[in-house]
Amino acid sequence: MSGASARGGITLRTTATPLSIVVGMVVIVAGWQVIAMIVAASSAQGDRVMPSLVTVATSGVLGLSDYWVGGFGVPATQTGADQSVAGAVLALIVNAGATLLRVVLGLAGAVIAGVGLGLLSSAVRPVRLSVGGVAEMMRMLPALAMAPLFALWFGATDLAVVLFVIFGVAFIVLVGTINAIGNLPPHVMEYARTMGLKGSPLWVRVVLPAILPEMRGSIVFGGLVAWTSVLAGEIYGLQSGLGWMLNETLRFSLVDRMVVVAAVFSLLALATMKLLGAAMNRLTRWA
């Protein structure tokens with residue numbers, strides 16, 4: 001049974017289905033509303049601490065227009081214009097686009113670096129001896145605590161955030177690549193060698209495709225880590241991105257706005273993981 005197992009008539013699914021995602025969202029939204037009503041009834045400031053869904057959908061959404069810098073015929077609120085849904089939508093689109101671009105560049109760089117270094121370390125013994133231990137040690141570092149250092153080293157720039165995403169994801173992909181190569185059956189490479197393949201063609205044309213099925217988990221998980229890393233990187237000095245917006249809402253305790261930005265962030269992260277999973281399934285449809 002693909003993605004599921006049955007015990008005692010109960011089906012246990014290990015992969016999320018569209019229905020399960022929708023049900024989960026409904027449960028979260030309903031639970032939030034119930035808790036918000038309880039907090040509002042017990043505290044005068046309850047709606048600020050735990051805003052209701054109505055507050056989130058009104059002042060929370062409109063408030064995001066404060067992060068719009070102006071353009072496309074929609075003025076910025078800093079110029080005296082009123083808050084507007086158009087300004088809020090444009091602010092979300094522009095900042096989500098900036099964050100998404102950083103995630104894509106960082107994730108692509110991390111996959112290229114992780115897979116390339118993994119293949120190289122598996123093929124060349126000196127590289128393997130020098131890289132393997134370093135990779136294991138780097139995995140033990142609290143990666144999010146390194147974000148301020150990247151801002152210090154490279155400034156509050158897009159480059160700093162992209163490099164931090166690469167730093168956070170590359171070691172996951174590297175270790176996954178090394179483990180996947182180590183789990184290959186010996187006959188895979190032996191048969192290729194008997195056909196005359198050796199050197200880099202052997203690793204690129206045989207080993208790399210053979211490890212893709214086992215690499216799926218590492219790459220999809222790397223997509224999630226990429227979003228976590230970009231969030232940490234954007235709160236240090238940048239003036240764009242969903243992480244910056246979240247930091248601004250946190251500074252002024254604007255929970256209603258924070259919920260909207262967090263929801264958009266979560267949906268984009270979920271969509272990224274789904275797309276990565278679908279892409280890996282397509283690449284490994286022969287497996």
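**A cavity and a helix pair**

Mentor: Ala-147, Phe-150, Ala-151, Gly-155, Ala-156, Thr-157, Ala-160, Val-161, Phe-164, Gly-233, Tyr-236 and Leu-238 line the largest cavity. This is a predicted model, where local features need pLDDT of at least 70, side-chain atom pairs count only at pLDDT 80 or more, and totals for chains, interfaces and linings use all residues. Residues are numbered from 1 along each chain as its sequence is written, and side-chain values use heavy atoms, leaving out hydrogens and water.

Trainee: What makes a space a cavity, and what counts as lining?

Mentor: On a 1 Å grid over the protein atoms alone, it's a set of points where a 1.4 Å probe fits but cannot get out; lining residues have an atom within 4 Å of a point. The largest cavity has a volume of about 40 Å³, meaning space filled by probe spheres set on the points, which are joined across faces, edges and corners.

Trainee: How does its lining divide by class?

Mentor: Into 9 nonpolar, 3 polar and no charged residues. Ala, Val, Leu, Ile, Met, Phe, Trp, Tyr, Cys and Pro count as nonpolar, Asp, Glu, Lys and Arg as charged, and the others, Gly among them, as polar.

Trainee: Why is H7 called roughly antiparallel to H9?

Mentor: Their axes (lines fitted to C-alpha atoms over the stretch in contact, with angles from 0 to 180 degrees between N-to-C directions) cross at roughly 150 degrees and come within 7 Å. Angles over 145 degrees count as roughly antiparallel, so H7 is roughly antiparallel to H9. The residues of their contact are 17 nonpolar, 8 polar and 2 charged.

Conventions
Helix = DSSP H or I, 4+ residues; strand = E, 2+ residues; numbered from the N terminus. Parallel < 35°, antiparallel > 145°, perpendicular 65-115°, else oblique. 1 Å grid on protein atoms, 1.4 Å probe; cavity = no way out; pocket = protein on both sides within 12 Å on 5 of 7 lines; lining within 4 Å.
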